[in-house]
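Here are my notes on the model, as numbered points. Please read them alongside the coordinates.

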Amino acid sequence: MKPIDNSKSTNIIRAQSTFYEDSLKIIAYPTCLLITWNILSTTKILLENILGEQFNDLHMRVILSKKSKQEQMTDFFISDPSGVLHLATIPTGIYNCELVVSNSHNETITVKRSNTIHFLQSKNHRCKEIQWEQLIDDPQMWLQAYSGYTVYE
């Protein structure tokens, strides 16, 4: 992993529009779910500074959660800062997802959380088997956190 070069000008961020938003959305169709995401260039720079590695070296994934009596989750590794994930014929349920970025030290930041969607599977299609994992809800678990701030010259 290459260390980040902090000699870049901070004026790049200031020259951009002040209104922007990263996106992560779930869209339901009768036979599938679409997950779309977009990470903006400003967020890429912030993630590089916080995690201390080049953005291309960071591991990105979308974590899909299905709410039920026992909440389940699965993740999909992605390589592009924007794109679409097509999940065909998944079971009926309540879904939401998170866009998560990790560095080589396994330090993780959630970039965006999606909307929650109630998906009703069409009766004409069989459900695709997805490798679900049990979500461990440990209220006493401590996670490392970060704080961001702006330096003015």
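1. In this predicted model, an open sheet is built from three strands in the order E1-E2-E5, with antiparallel pairing. Strand E1 (23-28) and strand E5 (82-88) are the edge strands; each has a single partner strand, so one side of each lacks a neighbour in the sheet. From one strand to the next, the twist averages 15°.

2. The pairing of E1 with strand E2 (residues 32-38) is antiparallel and runs over six bridges. As background, strands of a sheet pair through backbone hydrogen bonds, in a parallel or an antiparallel manner.

3. The largest nonpolar core contains 26 residues. Ile26, Leu33, Ile35, Leu64, Leu87, Tyr95 and Leu99 are the ones with the most contacts inside this core. Strand E6 (residues 93-102) supplies the largest share of the core, four residues.

4. Which residues does leucine 99 touch, leaving aside those up to four places away in sequence? They are Leu24, Trp37, Ile39, Arg61, Val62, Ile78, Ile109, Thr110, Val111 and Lys112. Leucine 99 is also among the residues with the most contacts inside the largest nonpolar core.

5. Searching the whole structure gives one aromatic pair. The ring centres of tyrosine 95 and phenylalanine 119 are 6.5 Å apart and the planes stand at 70°; an angle over 60 degrees counts as edge-to-face, so the pair is assigned to that class. The two residues are 24 residues apart and link distant parts of the chain, with tyrosine 95 in strand E6 and phenylalanine 119 in strand E8 (residues 117-119). Both tyrosine 95 and phenylalanine 119 are buried.

6. Helix H2 (residues 41-51) has buried residues at Thr42, Thr43, Leu47, Glu48 and Leu51. For reading that pattern, an α-helix has 3.6 residues a turn, so residues three or four places apart point the same way. Just after H2 comes glycine 52, with a positive phi of about 75°.

7. How many disulfides does a search of the whole structure find? The number is zero.

Note on methods:
Residues are numbered from 1 along each chain as its sequence is written. This is a predicted model: local features need pLDDT of at least 70, side-chain atom pairs count only at pLDDT 80 or more; totals for chains, interfaces and linings use all residues. Side-chain values use heavy atoms; hydrogens and water are left out. Two strands pair if DSSP finds at least two bridges between them. Axes are lines fitted to C-alpha atoms, for helices over the stretch in contact, and angles run from 0 to 180 degrees between N-to-C directions. A nonpolar core is a set of buried Ala, Val, Leu, Ile, Met, Phe, Trp, Tyr and Cys residues joined through side-chain atoms within 4.5 Å. Buried means under 20% relative accessible area, exposed over 50%, partly exposed in between (1.4 Å probe, protein chains only). Contact means heavy atoms within 4.5 Å. Rings of Phe, Tyr and Trp (its six-membered ring) pair if their centres lie within 6.5 Å; planes under 30 degrees apart count as stacked, over 60 as edge-to-face and the rest as tilted. A disulfide is a pair of cysteine sulfur atoms within 2.5 Å.
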